[in-house]
Amino acid sequence: MASENPTETPQAGGSLEDRISKPEESKPTGTNETAPRVVVASVSRDLGNYSPEKPSPDGAGAELRGSELQEPEYTVEVKLSDLQADPNNPLFSAKTFEELGLDERILKGLSTMGFRKPSKVQERALPLLMGNPPKNLVGQSQSGTGKTAAFVLNILSRMDLTSEQSQKTPQALILAPTRELARQIVGVIQVMGQFLDGLVIGTAVPADTATRPARMDCSIVVGTPGTVQDMIKKRILNPTQLKVLVLDEADNMLDQQGLGDQCIRVKAMLPRTIQVVLFSATFPTHVHRYAEKFAPSANEITLQHEELTVEGIKQLYMDCSNDEEKYMNLVQLYGLLTVGSSIIFVKTRASAAEIERRMVAEGHTVASLTGGIEGSQRDAVIDAFRSGEAKVLITTNVLARGIDVSTVSLVVNYDVPEAFTPGSRSREPDYQTYLHRIGRTGRFGRIGVAISFVSSRDEWEMLRKIQQHFSCNIERVDTNDWDEVESIIKKTIKNTRAQANFVASS
Ligand SMILES: Nc1ncnc2c1ncn2[C@@H]1O[C@H](COP(=O)(O)OP(=O)(O)OP(=O)(O)O)[C@@H](O)[C@H]1O
């Protein structure tokens with residue numbers, strides 16, 4: 001979220017000598033330095049080394065012979081300004097925010113957030129979004145590359161706040177799949193639009209009837225589809241002056257039966273001329289077809305699936321012989337998890353509750369957030385995680401998408417995400433969910449680690465398919481050598497922390 005990353009201040013240029021250096025030289029120290037720094041470790045071999053004809057005697061988990069970790073010979077130090085100057089990087093931009101034609105007051109908002117330069121998706125999307133007459137857009141870009149700002153800037157640019165009446169009548173509607181994401185987007189608009197007098201933002205998420213407002217007297221509404229649908233039906237939300245509709249995590253919204261139907265019903269109640277904007281890091285082919293119907297004749301920004309992984313995320317896996325060993329490995333990892341912030345993704349609410357119960361009983365401090373928890377209780381958990389009060393969060397796919405907490409340096413896939421494929425004999429991975437989950441770390445040029453636990457041949461096979469699908473490397477870490485596990489994770493986390501500390505003090 002923007003407000004968590006308010007002080008990134010990239011500087012121009014940077015020689016090769018600047019960028020290639022020893023790790024200990026990589027800590028930002030000088031007061032004239034303004035760019036946060038990250039360190040990219042070199043990559044070793046991957047899951048492709050599995051040889052099924054040579055099973056190990058230790059059972060399924062131990063069968064997984066993958067790569068051995070290699071000490072990187074050197075590390076490459078990269079500054080945000082360097083990333084943004086590299087045309088192949090999703091953070092690259094040839095333009096400035098000024099050149100994109102944004103209002104002075106919005107530029108001021110961006111400046112207070114430390115946004116110096118647009119990212120690629122912002123540079124490409126904004127001219128398409130802000131043109132007149134407005135055109136629909138289907139926009140795709142890697143996780144953590146600034147899609148939120150792309151759609152928020154278009155909305156802010158289109159606001160008419162000249163009268164009290166217009167300030168209090170919704171002109172833009174943003175739909176998100178979860179209350180956490182809706183609240184996060186509200187936070188971004190509040191900071192980005194802070195210099196626009198009269199801007200009022202309303203949140204439409206499930207709430208007790210008692211706390212629900214009688215009318216949404218606001219200029220922008222952000223909410224979840226079910227609540228928004230209900231509010232329009234009950235005339236709490238007046239849709240007649242809406243000019244822009246955004247679906248964040250659009251593929252997920254359109255593909256899920258309940259959410260998809262709600263989005264379609266909401267859209268049917270909006271003005272016909274509304275600009276429809278769909279954003280996500282992923283648009284699988286079958287959802288792309290719905291997207292074309294939902295946002296007809298749209299401009300498109302799309303990526304090949306091989307282009308979707310984020311370079312700064314180091315992807316690893318750990319062999320576990322069974323579920324109990326998964327738990328033991330998690331407990332072993334705990335000391336490392338608390339160095340930064342970490343998210344543990346599990347398959348079911350029940351396993352989230354069980355892991356939380358066991359870890360708390362053993363004296364560890366962890367929080368858990370699943371769909372089983374309601375309303376303001378959920379807000380308290382995510383707020384504690386954002387503030388760093390809770391450093392380890394156990395969750396299900398409910399938080400797999402969109403959540404932006406810049407201190408997350410480690411993501412654990414306790415279970416490899418699996419697609420529900422009725423009638424299929426083989427277990428298939430959920431490629432999109434894998435990508436969104438690991439994308440909770442490595443935000444906007446930062447570095448992070450994603451570790452997947454693998455406890456069966458099936459899980460190994462799913463992870464191999466994920467690697468193949470995204471043409472990425474997922475390296476094996478040897479759980480017989482915890483010193484090595486610790487060394488590789490700490491190295492990455494330490495650098496993320498150095499960066500975070502530096503950003504905070506700059
Ligand atoms: N131009 C910019 N300069 C500096 N930081 C930026 C810029 N644009 C976005 N950011 C920061 O990058 C982070 C990620 O942005 P955002 O949450 O919009 O990513 P996203 O593309 O929507 O990711 P996801 O697909 O995971 O939802 C945020 O912390 C945001 O403040």
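**Figure 1. Helices α8 and α10 cross with their axes within 9 Å.** The structure shown is a predicted model. Helix α8 covers residues 225-233, and helix α10 covers residues 257-268. Their axes cross at roughly 35 degrees. The crossing is left-handed. From α8, the residues in the contact are Pro225, Gly226, Val228, Gln229 and Ile232. They meet Leu259, Gln262, Cys263, Arg265 and Val266 of α10. Sorted by class, this contact holds six nonpolar residues, three polar ones and one charged one.

**Figure 2. Strand β5 pairs with β7 and with β8.** Strand β5 spans residues 172-175. Look at its side chains in turn. Ala172 and Ile174 point one way, while Leu173 and Leu175 point the other way. All of these residues are buried. Strand β7 (residues 220-223) runs parallel to β5, and four bridges join the two. Here Ala172 has Ile220 as its bridge partner. Strand β8 (residues 244-248) also runs parallel to β5, again with four bridges.

**Figure 3. Seven strands build an open, parallel sheet.** The strand order is β13-β14-β12-β15-β16-β11-β17. Which strands stand at the edges? They are β13 (367-369) and β17 (475-477). Each has a single partner strand, so one side of each is left without a neighbour in the sheet. From one strand to the next, the twist averages 25 degrees.

Figure 4. Ile343 stands opposite Val411 of β15.

**Figure 5. A shell of 25 residues lies around the ligand.** Which residues come nearest? They are Ser143, Gly146, Lys147, Thr148 and Phe444. Helix α5 (residues 147-157) gives the largest share of the shell, three residues. By class, the shell has seven nonpolar, 12 polar and six charged residues.

**Figure 6. A cis peptide bond joins Asn132 and Pro133.** Its omega angle is about -5 degrees. Where does Pro133 lie? Find the loop between α4 (120-130) and β4 (137-140).

**Figure 7. Glu249 and Ser297 each have a positive phi.** Neither residue is a glycine. Phi is near 55 degrees for Glu249 and near 50 degrees for Ser297. Glu249 sits in the loop between β8 and α9 (250-255). Ser297 belongs to the loop between α11 (285-294) and β10 (299-301). Is each one buried or exposed? Count the C-beta atoms around it. Glu249 has 24 other C-beta atoms within 10 Å, and 20 or more make a residue buried, so Glu249 is buried. Ser297 has 8 other C-beta atoms within 10 Å, and 12 or fewer make a residue exposed, so Ser297 is exposed.

Key: Residues numbered from 1 in each chain as written. Predicted model: local features only at pLDDT ≥ 70, side-chain atom pairs only at ≥ 80, totals over all residues. Near = placed C-beta within 6 Å. Nonpolar A, V, L, I, M, F, W, Y, C, P; charged D, E, K, R; others polar. Pairing = 2+ DSSP bridges. Axes fitted to C-alpha atoms, helices over the stretch in contact; angles between N-to-C directions. Left-handed = near helix turned anticlockwise from the far one by under 90°. Contact = placed C-beta atoms within 7 Å.
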